[in-house]
Amino acid sequence: MAKRVLVTGGAGLIGSHLTDLLLREGHSVRILDNLEPQTHLTQAYPAGKPEWVSQEAEFLHGDMRSEADLKKTLKNIDWVFHQAAFGGFTTALTQYMDVNATGTARLFEIIRQEKLPVEKIVAASSQAIYGEGLYHCKTHGDIVPEMRSREQLLKRQWESRCPECLKSGIDSELRPVLTPENSAMNGETIYAVSKLAEEKLTLGLGKLLGIPTVALRYAVTYGPRQSIFNPYTGVVSIFSTRLLNDKAPVIYEDGKQTRDFLFVEDNARANLFVMEHADTAYQVYNVGTGQPLQILDLVSTLAKIYDKPVSAELPGSFRPGDVRHFVHNPKKLQSLGWKPTVSLQQGISQYVDWIATQQNIKDYFEQAQEKLQQLQVVVPAVKAVSGSSV
């Protein structure tokens with residue numbers, strides 16, 4: 001049965017692909033998006049609305065922080081996909097909480113005040129809430145370590161250490177393993193805290209109001225439409241804009257950190273999958289591939305496709321609060337029938353084909369990097385090691 005669907009953040013990477021999928025499935029879609037300048041370069045509507053926003057969807061230029069905007073956008077809605085978020089490693093601390101946490105609370109507040117018959121809500125959480133995730137010590141078994149300290153990172157000791165071994169005076173590195181949903185949540189960045197608040201609000205207020213809710217903890221999602229203007233998040237785009245401007249990508253730490261990269265269309269399918277399945281109510285799910293990829297290997301893959309020199313800048317700088325290794329264990333969602341279908345090579349190739357259609361691609365990273373170093377969001381190395389080959 002066709003539903004009337006709201007997609008918050010529907011002009012963004014995941015939201016726009018989700019909108020297209022919903023329209024193909026015969027649903028009617030309303031988008032709420034504030035066209036955040038950090039992502040869309042300009043907030044001037046309609047100039048800031050990307051060309052990929054479907055004309056078949058109703059578009060409302062509004063903000064999760066506005067009660068009036070939410071009242072307007074929630075009218076006559078059956079399903080809500082809550083994708084709107086403020087993210088990345090930036091200095092706008094209160095904005096994370098205002099958008100991600102308070103914005104989510106406000107959404108439920110309006111639903112309750114207006115007695116709106118919303119049937120189900122699926123919200124975007126993040127892998128960031130786990131912090132370092134799950135590791136294994138050959139002596140003490142599975143371990144969820146605390147976030148690496150600034151002191152450790154200043155010594156360029158990039159790998160997580162076993163806290164139990166350290167108690168005995170043994171400096172033992174941990175081996176990363178796939179992180180399941182029941183792992184401890186140790187994320188300490190303001191983004192991680194705001195997304196954990198969003199997740200708990202979604203599940204708790206859903207139960208309180210009797211509205212089935214689901215939280216999806218995304219792996220690193222990439223693909224066509226990822227912002228080429230945002231220097232703070234979206235590593236595939238950041239590296240691409242550097243390479244296309246004949247500049248080497250800047251990699252923090254030593255480049256051997258690993259992530260789980262999920263193609264955006266697989267992410268969109270996961271959202272619709274859990275919305276359509278009744279037994280997902282009040283559950284959290286990892287959405288990822290379960291396949292680790294070193295950041296150095298990502299740069300190498302991109303450079304070869306762009307036919308650029310395979311090199312990177314490795315200054316030895318780092319971001320406090322960043323994690324060393326993180327890869328989802330996606331078995332819980334896969335056991336219900338969802339699985340990723342797009343390989344990394346296929347996904348990167350689709351992204352490269354898309355970015356080739358964009359005009360006036362600039363590198364915004366360099367200027368942002370200087371600002372972030374001044375504010376200690378990025379900590380430069382005491383002794384730089386630059387111009388290293390991948």
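Predicted model: local features only at pLDDT ≥ 70, side-chain atom pairs only at ≥ 80, totals over all residues.

I started with Q95, and found its place in helix α4 (residues 93-113). Helices here are DSSP runs of H or I with at least four residues, strands are runs of E with at least two, and both are numbered from the N terminus. Residues are numbered from 1 along each chain as its sequence is written, and side-chain values use heavy atoms, with hydrogens and water left out.

What does the side chain of Q95 make a polar contact with? I get the side chain of E36, at 3.3 Å. (A polar contact is a pair of N or O atoms within 3.5 Å; within protein, one must be able to donate a hydrogen and the other to accept it, and residues adjacent in sequence count only if both atoms are side-chain atoms.) I then listed the contacts of Q95, leaving aside neighbours within four places in sequence: E36, R65, F86 and N100. Contact means heavy atoms within 4.5 Å.

Next I went to I251, in the loop between α8 (235-244) and β11 (258-263). Its relative accessibility is 1%, so I251 counts as buried. The cut-offs are under 20% relative accessible area for buried, over 50% for exposed and partly exposed in between, with a 1.4 Å probe and protein chains only. Beyond four places in sequence, I251 touches residues including F239, I295, L296, V299 and L314. I also checked I251 against L107: they are 144 residues apart in sequence and 38 Å apart in space, C-alpha to C-alpha.

Then helix α1 (residues 13-24). Its twelve residues reach 17 Å from first C-alpha to last, close to the 16 Å expected at 1.5 Å a residue. Among the buried ones I noted L13, H17, D20 and L23. Their cover includes β1 (4-8), β2 (28-33), β4 (79-82) and α9. Just after α1, G26 takes a positive phi of about 95°.

That sent me to α9 (residues 264-276), which has 13 residues and reaches 19 Å, close to the 18 Å expected. Ten of the 13 residues of α9 are buried, including V264, N267, F273 and M275.

I looked at one open sheet too: three strands in the order β7-β6-β8, with antiparallel pairing. β7 (141-143) and β8 (175-176) stand at the edges with a single partner strand each, so one side of each has no neighbour in the sheet. Two strands pair if DSSP finds at least two bridges between them, and two bridges join β6 (residues 135-137) to β8. H136 stands opposite R175 in β8.

Last, the whole chain. I count 13 helices and 14 strands. The radius of gyration is 21 Å, close to the 21 Å from the globule rule for 390 residues, so the chain is as compact as a globular protein of that length. (The radius is taken over C-alpha atoms; the rule is 2.2 Å times the number of residues to the power 0.38.) Buried residues make up 57% of the 390.

Definitions and conventions:
Expected span 1.5 Å × (residues − 1).
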